[in-house]
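Reader: I have not looked at this one before. Can you walk me through some of its residues?

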Amino acid sequence: MAFTLLNTFTLLESASLNGRRKVFVKDVNSPFENAGTYQYTSFTITNSSVQPLSNNTQQLLPEGIREYEAYTIYTATPMKSSEEATTELSDQVQLNGLQGLDWFTVIKSRKHSMTSSGNQYEVIVVRYPNVV
């Protein structure tokens with residue numbers, strides 16, 4: 001029986017996902033630094049695998065985020081989370097989650113490993129309700 005299982009073993013297929021980068025555009029007519037609008041720049045997230053968030057990883061999330069739908073993405077495309085006290089905003093990825101196709105926001109991104117095809121990144125994404 002074990003021999004049959006080994007023969008049917010297959011690797012996860014890597015997928016390409018749609019991503020977008022939210023960029024702050026300052027209003028030149030305003031004296032305030034934080035006045036302006038946002039624009040989205042689309043990009044492709046290559047060689048990616050989407051996994052449900054493990055219980056151990058979920059416990060590391062801040063208290064208010066734990067109840068939201070979250071996934072871990074392993075990808076060759078570097079993605080970024082927001083930086084406090086700057087206008088740098090989180091990247092977003094489009095996933096088919098529990099509520100259908102929706103945008104998920106990057107809350108944590110780190111270099112995971114180095115492979116023969118280059119760097120791999122581990123990205124944690126969360127779907128916030130009613131956020132565009």
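Reader: Where is S49 found?
Author: This is a predicted model, and in it S49 is part of strand β2, residues 36-52.

Reader: Is S49 buried or exposed?
Author: S49 counts as buried because its relative accessibility is 18%, and the cut-off for buried is under 20%.

Reader: What does the side chain of S49 make a polar contact with?
Author: With the side chain of Q51, at 2.7 Å.

Reader: Now salt bridges. How many are there?
Author: The count is 4 salt bridges. One of them is between D91 and R21, whose closest N and O atoms are 2.7 Å apart.

Reader: What about R127, which residue does it form a salt bridge with?
Author: One partner is E69, with the closest N and O atoms 3.5 Å apart. That pair links distant parts of the chain, since R127 is in strand β6 (residues 118-127) and E69 in strand β3, 58 residues apart. R127 counts as buried at 16% relative accessibility, and E69 counts as buried at 13%.

Reader: Switching to rings. How many aromatic pairs are there?
Author: The whole structure has 3 aromatic pairs. One of them is Y68 with Y128, an edge-to-face pair with 5.4 Å between centres and 70° between the planes.

Reader: Where are Y68 and Y128 in the chain?
Author: Y68 is in the loop between α2 (55-60) and β3, and Y128 is in the segment after β6, 60 residues apart. Y68 counts as partly exposed at 28% relative accessibility, and Y128 is partly exposed with a relative accessible area of 23%.

Reader: Why is the pair of Y71 and F104 edge-to-face?
Author: The planes of Y71 and F104 are at 70°, with the ring centres 5.6 Å apart, so the pair is edge-to-face; the cut-off for that is over 60 degrees. Y71 lies in strand β3 and F104 in strand β5, so parts that are 33 residues apart in sequence are tied together. Y71 and F104 are both buried.

Reader: Which rings have a charged end sitting over them?
Author: Among them is the ring of W103, with the charged end of R20 at 4.0 Å from its centre. The charged end of K22 sits over the ring of Y38, 4.7 Å from its centre.

Reader: Last one, M79. Where is its place?
Author: M79 is in the loop between β3 (69-75) and β4 (91-97). M79 is buried, with a relative accessible area of 7%.

Reader: What is M79 in contact with?
Author: Leaving aside neighbours within four places in sequence, M79 is in contact with F43, I45, D91, Q92, V93, V106, S109 and V123. M79 and V123 are 44 residues apart in sequence, and their C-alpha atoms are 7.4 Å apart in space.

Note on methods: Residues are numbered from 1 along each chain as its sequence is written. This is a predicted model: local features need pLDDT of at least 70, side-chain atom pairs count only at pLDDT 80 or more; totals for chains, interfaces and linings use all residues. Side-chain values use heavy atoms; hydrogens and water are left out. Helices (H or I, at least four residues) and strands (E, at least two) are DSSP runs, numbered from the N terminus. Buried means under 20% relative accessible area, exposed over 50%, partly exposed in between (1.4 Å probe, protein chains only). Contact means heavy atoms within 4.5 Å. A polar contact is a pair of N or O atoms within 3.5 Å; within protein, one must be able to donate a hydrogen and the other to accept it, and residues adjacent in sequence count only if both atoms are side-chain atoms. A salt bridge is a side-chain nitrogen of Lys or Arg within 4 Å of a carboxyl oxygen of Asp or Glu. Rings of Phe, Tyr and Trp (its six-membered ring) pair if their centres lie within 6.5 Å; planes under 30 degrees apart count as stacked, over 60 as edge-to-face and the rest as tilted. A charge sits over a ring if NZ of Lys or CZ of Arg is within 6 Å of the ring centre and within 35 degrees of the ring normal.
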